[in-house]
Amino acid sequence: MNIEQITPAFFVTAQIEVDDLENLKLEGFDSVVCNRPDNEEPDQPMAQDIKAECEKLGLKFLHIPMTAPIYEEANKAPLLELLKDSEKTLGFCRTGRRALVLFKGATE
């Protein structure tokens, strides 16, 4: 997994797997944001499965599905709320681009 640091507290990556979450927690992540809609590709893990594992590990989880690197204004508030209470957040989608676009749009 290639994780790109955007700020000291926000990182992006491509699709993660449920099995990645334990290592992400060990690396200090305390929250995960999924910007990928379910069923975009047949082999991707579903957001509910990632959320369930996050909850089991004590990680915060937020699902803001985006079908393109274009976000709705309403998507900013939930992300900003999560970031207020997080020290190290990982945003992901198929490539990481949608996660980056939403983060930049919400924080600039």
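Start at Pro-65, which sits in the loop between β4 and α3. Leaving aside neighbours within four places in sequence, Pro-65 is in contact (heavy atoms within 4.5 Å) with Cys-34, Asn-35, Arg-36 and Pro-37. With a relative accessible area of 42%, Pro-65 is partly exposed; the scale here calls a residue buried under 20% relative accessible area, exposed over 50%, and partly exposed in between, using a 1.4 Å probe and protein chains only. Glu-27 is 38 residues from Pro-65 in sequence, and their C-alpha atoms are 25 Å apart in space.

A word on what you're looking at: this is a predicted model, where local features need pLDDT of at least 70 and side-chain atom pairs count only at pLDDT 80 or more, while totals for chains, interfaces and linings use all residues. Residues are numbered from 1 along each chain as its sequence is written, and side-chain values use heavy atoms, with hydrogens and water left out. Helices (H or I, at least four residues) and strands (E, at least two) are DSSP runs, numbered from the N terminus.

Now follow Asn-35, Arg-36 and Pro-37 across to Arg-98, which touches them as well. Arg-98 belongs to helix α4, and at 7% relative accessibility it counts as buried. Its contacts beyond four places in sequence also include Glu-40, Met-66, Thr-67, Ala-68, Pro-69 and Cys-93.

Asn-39 has a positive phi of about 65 degrees although it is not a glycine. At 62% relative accessibility, Asn-39 counts as exposed.

Back to helix α4, residues 97-107. Its buried residues are Arg-98, Ala-99, Leu-102, Phe-103, Gly-105 and Ala-106. Looking down the axis of α4, you'd find them within an arc of 165 degrees, so they line one face of the helix; the arc is taken from the directions from the helix axis to the C-beta atoms. What do these residues pack against? Their partners are β2 (10-13), α3 (76-84) and β5 (89-92). Leu-100 is also found in α4, and it touches Ile-6 and Val-12, not counting residues up to four places away in sequence.

The axes of α3 and α4 come within 9 Å and cross at roughly 85 degrees. That makes α3 roughly perpendicular to α4. Here the axes are lines fitted to C-alpha atoms, for helices over the stretch in contact, with angles running from 0 to 180 degrees between N-to-C directions. Angles under 35 degrees count as roughly parallel, over 145 as roughly antiparallel, 65 to 115 as roughly perpendicular and the rest as oblique.

Residue by residue, Lys-76, Leu-79, Leu-80 and Leu-83 from α3 meet Leu-102, Phe-103, Gly-105, Ala-106 and Thr-107 from α4. By class, this contact has 6 nonpolar, 2 polar and 1 charged residues; Ala, Val, Leu, Ile, Met, Phe, Trp, Tyr, Cys and Pro count as nonpolar, Asp, Glu, Lys and Arg as charged, and the others, Gly among them, as polar. Lys-76 is buried, with a relative accessible area of 19%, and its side chain makes a polar contact of 3.0 Å with the side chain of Glu-73.

Finish in strand β3, at Ser-31. Ser-31 counts as buried, at 0% relative accessibility. Its side chain makes a polar contact with that of Ser-86 (3.0 Å). Among the residues Ser-31 touches beyond four places in sequence are Leu-59, Lys-60 and Leu-82.

Methods. Polar contact = N/O pair within 3.5 Å; in protein donor to acceptor, adjacent residues only side chain to side chain.
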